[in-house]
Amino acid sequence: MSLNPVAVTIFLVLFVCVTVLGFAAARWRKGDLSHLHEWGLGGRRFGTLVTWFLLGGDLYTAYTFVAVPALMFGAGAMGFFAVPYTVLVYPLMFAVFPRLWAVAHAKGYVTAADFVRGRFGSRGLALAVAITGIVATMPYIALQLVGMEVVLAGLGIPMTMTIFGVPVPDAPLLIAFVVLAAYTYNSGLRAPAMIAVVKDALLYITVLAAVIIIPAELGGYAKIFASIDPKALLLAAGKPGNLGQQAAYATLGLGSALALLLYPHSMTGLLSSSSKRAVQRNAVILPAYSFALGLIALLGFMAVAAGVKAMPEFAAGFKSFGNNFAVPALFLHSFPAWFVGVAFAAIAIGALVPAAIMSIACANLFTRNIYKEFLNPDASTRQETDVAKIVSLVVKLGALFFIIELPTQYAIQLQLLGGIWIIQTLPAVLLGLYTRWLHPRALLVGWIAGISAGTWMAYLNAFKSSTYALNILGTVVPCYAAFSALILNIVVAVVLSAIFNALSRAPRIDTTTAEDYA
Amino acid sequence: MDKPAAKRRFHWSYWLLLIPYVAMMWVPYYNRVEPQLAGIPFFYWYQLAWIVLGAVLLLPAYLLTTRGDR
């Protein structure tokens, strides 16, 4: 693809602005950045609006904005599961997470594993929660780079650049990530919080323009939907003895909603807010992003209607990135060059915000629940923060290495597995908020059962799909593997808790009290 | 002082939070084209509308359970 000078200039200007902001953020609502809760949670001082931008930038990632319309473009109605998914997240956030915020605030917890450690007094269970979080998040960071790669290619920026006479493959990605790593190291969570404001402004402008201008060019929504294969327009109905796509759709939506808030980067965003009310207010106003996501999903159909796949100028892009190139191609086809720059900057900056928060969340987990718990219990607050800063660098380097050295397919498959794994921490973290009846060893065995069963189902699908058809009393039920594995996990945890509680006389240590949750 | 928080009963408005789950899990109900809205099939506009409705259903619980904290 040829270099598009106007678009590239606008893109680069916006990128530089954001970099300056990222470094300046260290001074914003200044705190002592040698404390982990200052560096890694922004001092727990983010009010409703900042939390809204932060969580919006965090939960709705660049990859989401590329992959969801790509799924609609390729598979039709099934890709729209992102909408029920985001509808179901917020009642859960509203009802349950103020409780987690309260206990974390009362006890100084920085991670979900901190809470599990305090509630159940079990180092093993806390370690399991921490490792699940880190492992599930790493491929997610790598996927943000895919979102960025796609728009860089769309701009015609060459991926191999000659620096000091040496050809460097993937140089633009490398540069972007070095910059990102530097200001995250410097400013901590304040950097993505500030950048998120710019990213979201760009995003809303892009979405508004896209859903007005593109349908007008294509002759209206009726025409767009008319150009979709009728078979892809709706989910395939079930047959007797087989619930079909509809069951997969429902469990994908519900399971993804349950998993999302358990991800470390969601926890970090939620715990950094200044009050329980700020968490609840965000559950009410975050759906604004869901609406944007729903409209963006429809861009996949607009790309079908515009016929971008058959256009020779986009053949190379589709060849390299598959359907993930649908939306960039649609923008290049429909927008003037300067606005392509704005839209692509929204996506690329949209990759930086979650990547920064995810690496900070992983760093918090490693520092609190592995380093301080097992390696150096006497670490000072400064040592703790220094370790976290270094880990945030290591995590990003790992993601970069992953995406440069291995096929993109691996990152996608691992992220699919990540969802199956992270949801297995639900009994310890979310049920644990309401009861300490569950026995830590039972929770650990349930976690093992859930992870094993979920991974096995994904393996049987050759890691290509996350829905696995169960046979329940003669009826075939295609079900999101994370969801069915979670049910198994809960059943095991409850049954074993009953047994362990009956056998064991030893008192368990719960360092939280009922008042901590209020 | 209040009784310990663990004893506090659920406010009725929290039951409203279950409605979106019913609306979204009942896929056979909305898996159809008609009635269309401005050329958009029911399947799509119904789910988009629930993004807004879901947020509205949180409001009673938000407004009626202020407990002196910010």
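**A walk through chains A and B**

Start by selecting A:T51, A:L54, A:L55, A:D58 and A:L59 in α3(A); they meet A:H265, A:S266 and A:G269 in α13(A). "Meet" here is a contact, with C-beta atoms, placed from the backbone, within 7 Å. By class, these contact residues split into three nonpolar, four polar and one charged. (Ala, Val, Leu, Ile, Met, Phe, Trp, Tyr, Cys and Pro count as nonpolar, Asp, Glu, Lys and Arg as charged, and the others, Gly among them, as polar.)

A word on what you have open: this is a predicted model, where local features need pLDDT of at least 70 and side-chain atom pairs count only at pLDDT 80 or more, while totals for chains, interfaces and linings use all residues. Residues are numbered from 1 along each chain as its sequence is written, and chains are lettered from A and ligands numbered from 1 in the order in which they are written.

Now show both helices whole. The axes of α3 (residues 48-59) and α13 (residues 264-271) of chain A come within 9 Å and cross at roughly 175°. (Axes are lines fitted to C-alpha atoms, for helices over the stretch in contact, with angles from 0 to 180 degrees between N-to-C directions.) That makes α3(A) roughly antiparallel to α13(A), a label for angles over 145 degrees.

Next, select 62-75 of chain A. This is helix α4, with 14 residues and a reach of 20 Å from first C-alpha to last, close to the 20 Å expected at 1.5 Å a residue. (Helices are DSSP runs of H or I, at least four residues; strands are runs of E, at least two.) How many of the 14 residues of α4(A) are buried? The count is 12, so-called when 20 or more other C-beta atoms lie within 10 Å of a residue's own. Among them are A:Y63, A:F65, A:M72 and A:F73. Bring up the cover too: it includes α5 (82-107), α7 (123-154), α15 (287-306), α17 (326-334) and α18 (337-375) of chain A.

Zoom out to chain A, with its 23 helices and four strands. Of its 518 residues, 56% count as buried.

Last stop: chain B. Its contact with chain A takes 32 residues from chain B and 38 from chain A. α3(B) gives the most, with eight residues. That side of chain B has 25 nonpolar, four polar and three charged residues.

How values were computed
Contact = placed C-beta atoms within 7 Å. Parallel < 35°, antiparallel > 145°, perpendicular 65-115°, else oblique. Expected span 1.5 Å × (residues − 1).
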